[in-house]
Structures are given as structure tokens and as C-alpha cells.
Amino acid sequence: MKHYDVVVVGGGHAGCEAAHAAARVGARTALVTLKAASIGVMSCNPAIGGLGKGHLVREIDALDGLMGRAADRAGIQFRLLNRSKGPAVQGPRTQADRRLYRQAVQQAIAAQPNLEVVEAEATDLVIDGGRVTGLTLSGDVSLTAGAVVLTTGTFLRGEIHIGHERRPAGRMGEAPSVRLAERIEEFGLATGRLKTGTPPRLDGRTINWDVLELQPGDDDPCMMSFLNTLPFVRQINCGVTHTNENTHEIVRSNLDRSAMYGGAIQGNGPRYCPSIEDKIVRFAEKISHQVFLEPEGLDDATVYPNGLSTSLPLDVQVEYLRSIKGLERVEITQPGYAIEYDYVDPRSLGPSMEVQEVRGLFLAGQINGTTGYEEAAAQGLLAGLNAARSASGGDPVVLSRRESYIGVMVDDLTTRGVTEPYRMFTSRAEYRLTLRADNADSRLTPLGIDLGCVSVERQRAFEAKAAELDTARTLLQAISFTPTELDNVGVMVSQDGVRRSAYKLLASTDVSTDKLLRISPQLRTLSASALAQLAREALYAEYLQRQITDIEALKRDEGLIIPGNIDYSTISGLSAELRQKVVQTRPHSIAQAARIEGMTPAALTVLLGAIRAAGTKKSA
């Protein structure tokens, strides 16, 4: 019988981050997985990052996690989403080569001291005095442990649906975990069923790329890891096509054959990532939906049609695909399917990701009702760190909403729970002006250094960058310009005789660094990256106090009564999803509205403003 400080079950994104994090802080760690070759598999879309999700990847990277570095190693197209908007809502994203990503993760796992991979099925948890003390594996093999992290993904009683066909599976081609699901039930934890889906995979050699619009990556790629500045492999284009009225009619006429619409699936799916069936039913007025054709690798002909998730039968999938421009002769290499699985109500957890009723047991990833690689990995990292600290008797690490998107997500999960798979959005973070993707390292790497989970290489790189920014900030604050000097280079300011610092001027979107460099050659000693970073910092500095004031006002007004006649349809700042929920629940107060699943502090601030405006109109 082997003993480990931490045992992690599952080799997906959550499990890899959990195991690697526990080992980084010195815990002797085992990663238990059914197939070692499946460690780091991207089981759904071949991409990392995006809006909200890119923030999580940067925070994982700031704490020396795996995802950002693996994504850079495998990235075949890099794009900064929302580039035309403010830095707070920009999201780095990369299209990844599946094979290269899996390879990068497996190499990192193999190279990490204190970490051993155990190829076996976890069948039971060993409990002693209300605390997990180990794990039973198939073949009656046992491991003892100071803490256990479960990252079972979609494997707990997983069931795949393709039309009316159903088969037990954790994902295509892999068996579900039934015995572990039964064991979890014995703890008396609240559980439920959720659903997610994936589109069919296509043979790219049967796509007519010549008639399609191509989407290239950015000319100045924004990397996922703070340690990298340029891509490692050849970059590619993605294709863009659209569904049409014929496509929609094919789907509509076969809805009774869809697993979701035929009644075979009970679990809720992600509303913000709808299947093609959902799109056509919910958005019946639309005559077309965009489809991104994403290559799955440089040496792989497989293409992922992002936007065509489905649970329709294979023959219908072929028919509707061939109705789409460029796909008239397409061949399917793997059918799309829906998968239904068990999850544990995340309100059973504390902010450290530990199950409150079972000490030493931590949960991370889709088992907690989330969806997405990035959400899973972020939970895994936090759970792994805390499992290691639990095993050694240390205090838990808790990340707050004020300091990280990870903290926002964990707080949302553990206080509000879920009714559908949880996905990270920038709108969920009330402090998003400071919680930007670009400054995740300045927010979290010092914590990582204190925790001992950051490598010497990263610590040195971070400290060098921090010193450079400090020097640049001091210089920018010290250098100032007269209105006349600014006018000479085309910067329009009031001719009031007041000198303005270079730092303050960077906060204006009308002032380019090129213009300031023309006035002050001294600024040429600063790197372009430092100037860009400090320009983002300066841009938001004046808004931060206003943000804090809004949040404090929200706390004071939690008892405010919401007028019964308020028209939610006129509140433009609420998402369509939240608007639907408030219409259904008709909350009586701000405090009650705050308890609606998916309601964010930022949305509450919008709601509060609408209530005040309605009151003003009424009194007038």
C-alpha cells in the first residue's frame, strides 16, 4: 500500500492542474487516471481562452500553472478578442493543435518532481472519522493519502446521446465512472444532472475551402503565458461559413429525433453555448448562424465546426452539414453528441474547494457544475494547492472576488450554486477594471511566490518585469509637459498653463505614446511593452474609485424594495439571460435579486440604477 500526501483522480484539465500544483508546493502526489495516454486531452473544442476564459488562463499562468504554457506550445492561431474595446474586457485566445497540447501537458507532468502517474480506475474513497484517508483502485489496490481531489469531468454516470441512441460513456470511447458516483451519493451531498454537447468532427480534405471566408490570426499575437512572447509553431487560418434556411428546415423537421428535444435528456445544458437545435428553436427569427471551421492540428485533417453542437442522429447531421456552403461533400469522422452526467451542488464546498461534510476531500471541474477547460483548470489549481496544505496541516488558500476571476468563480459556485453549466464571463466580475488579463501576474504571482508554487524561472522573470515597470512608472510620473509642448505634437489640451505628467496623459485614448516620445527623448529608454502596460494601468486608474463607490452603495442598498411595476425589458445593461430570470422570479428586493443564480454584482448595480431612475420619474 503506497502513501501519498495528495491523490488526484482524473487526468483532464482540472486534474492535471491540481496534481501539478500540489507537487509544486512539495506534496508527494499521485495522479490517478484510466489511461495515461489521455492525460491533457482536449475532449471538446481545440481552443484555449476567450472572453472571461482568457482571464482565467492568465491567472493560472501567474500561479505557474500548466494551461498557458501548454497553449502557447500548441497554439496555431492567436487572437485577442474584443481588441477594439477596453483592456478590461479583452480576452486572449488560441486555436491549439490537439496533439501538441496533449504532448506539452504530458511532458510537464512527467518532468514535475513529487508527481507520479497511476494508471487505474478509482472505485472508492476510504473514510476514517469523517476524513478521507485514501482511495481504492480497481483490483482491490489501495492508496493512502492526506487529501484527495476528485476531478471526474463528465464521467460520473456519463451517458452519450446521439438521436435516440444512448450509451454509457465518460466521453466518446471511454467508460463512465458509476461506482464512484454511487459512493458520492452515500455522503448525502446534493447532486443533479447536467448536459453538454459537442459538434461532429469533419474531414477537412472534404471541405471546399476555396469558397469560404478565411479568418487569420492577429499579426501581433498575444500569448497565453507571461513567459512567452512569440508562437512556437506555424500559424494557420480558420474558415468561416454560415447555416441557411435549408439547414434550419432540416433541423426543424427532425427535432423529434434529437435527444434533447425528444425527451431523452433531463439535465440542463449551457444556455450560452447552444446546440444547433437550440439556436433554431430559440432564435427562430434568424435565417443564418455563423460557423467557424477550426483545424484540430497542423498534421491532422480533422476540423471542428464551432457552432454546430448537436444530439441529432448521424444521418441528420450529414444532411444538415451538406446544406452549408463549403460543406456540400463533407465527410464526418466522428458524430456530434450530447453527454449527460452527474454533478455535485457546489454549495457543498467551502471557498478552498473542500467538501464541507468530508474533510480532506476536494472537488474541481465539471463535477462542480462548470463547463469549459479554463474553468476546470482554475478550480483544479486551487484545489490542488489546498489539498497539499490540508495534508500538511496548513491554512487554506482563499482567493477573493477583489483579487481574481478565480475568486469570482469560486464565490459564485459556492454561494449561488448552478442550474446550468457555469461559464466565466467578464460581466460576472464587479472589479473587472482591475482584474484584467494583462495584469494577472502583478495580482497573483507575488502570492504564488509566498505559497512556494512558483518556479525560480518565473519568479526571476516576474521580478525583472516588476522592477522595469516601477522604473518606468516613476519616470512617467516625473516627466511633465506644458500645454504648448503638447499642442505642438497635436495633443489638444486646455491652454491653462498647467503641466501634465506623461503618466496622466497616457490615460487618455487620444494621446499616443508616439506623440509623447517626440517631446521627450528620455521616454525612449522605456520598452514598448512597459509603456503599453502602464498606459492600460493609467487608463483605468481614474475609474477605480468610482467602481469602489458603486459597490459600497450596492451593499448599503441591499434592502431596497424593487417596484412591482418595473419594466425589466427596458434595462439595457442586463443580459438577455438575466432579464429572463428576473422576469420569472420578480424579486422583491435587491437582496433577493442578488440570490438569483447567475446574477452578478455588476448586474445588480445596473438594476439599482434602473430602480432609482424609475423612482425619480415617479416622484417627478
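This is a predicted model: local features need pLDDT of at least 70, side-chain atom pairs count only at pLDDT 80 or more; totals for chains, interfaces and linings use all residues.
1. Helix 9 covers residues 373-392, 20 residues in total. From its first C-alpha to its last it reaches 29 Å, close to the 28 Å expected at 1.5 Å a residue. The helix is mostly covered, with 17 of its 20 residues buried.

2. An open sheet is formed by 3 strands in the order 3-5-4, and the pairing is antiparallel. Strand 3 (47-49) and strand 4 (75-81) stand at the edges; each has a single partner strand, so one side of each is left without a neighbour in the sheet. From one strand to the next, the twist averages 20°.

3. The pairing of strand 4 with strand 5 (residues 91-96) may be examined in more detail. These two strands pair in the antiparallel sense over 6 bridges. Arginine 79 stands opposite arginine 93, a residue of strand 5.

4. Which helices each supply at least two residues of the lining of the second largest pocket? They are helix 12 (456-478) and helix 16 (528-556). Helix 16 gives the largest share of this lining, 7 residues. Sorted by class, the lining has 17 nonpolar, 11 polar and 8 charged residues.

How values were computed: Residues are numbered from 1 along each chain as its sequence is written. Side-chain values use heavy atoms; hydrogens and water are left out. Helices (H or I, at least four residues) and strands (E, at least two) are DSSP runs, numbered from the N terminus. The expected span of a helix is 1.5 Å times one less than its number of residues. Buried means under 20% relative accessible area, exposed over 50%, partly exposed in between (1.4 Å probe, protein chains only). Ala, Val, Leu, Ile, Met, Phe, Trp, Tyr, Cys and Pro count as nonpolar, Asp, Glu, Lys and Arg as charged, and the others, Gly among them, as polar. Two strands pair if DSSP finds at least two bridges between them. Axes are lines fitted to C-alpha atoms, for helices over the stretch in contact, and angles run from 0 to 180 degrees between N-to-C directions.
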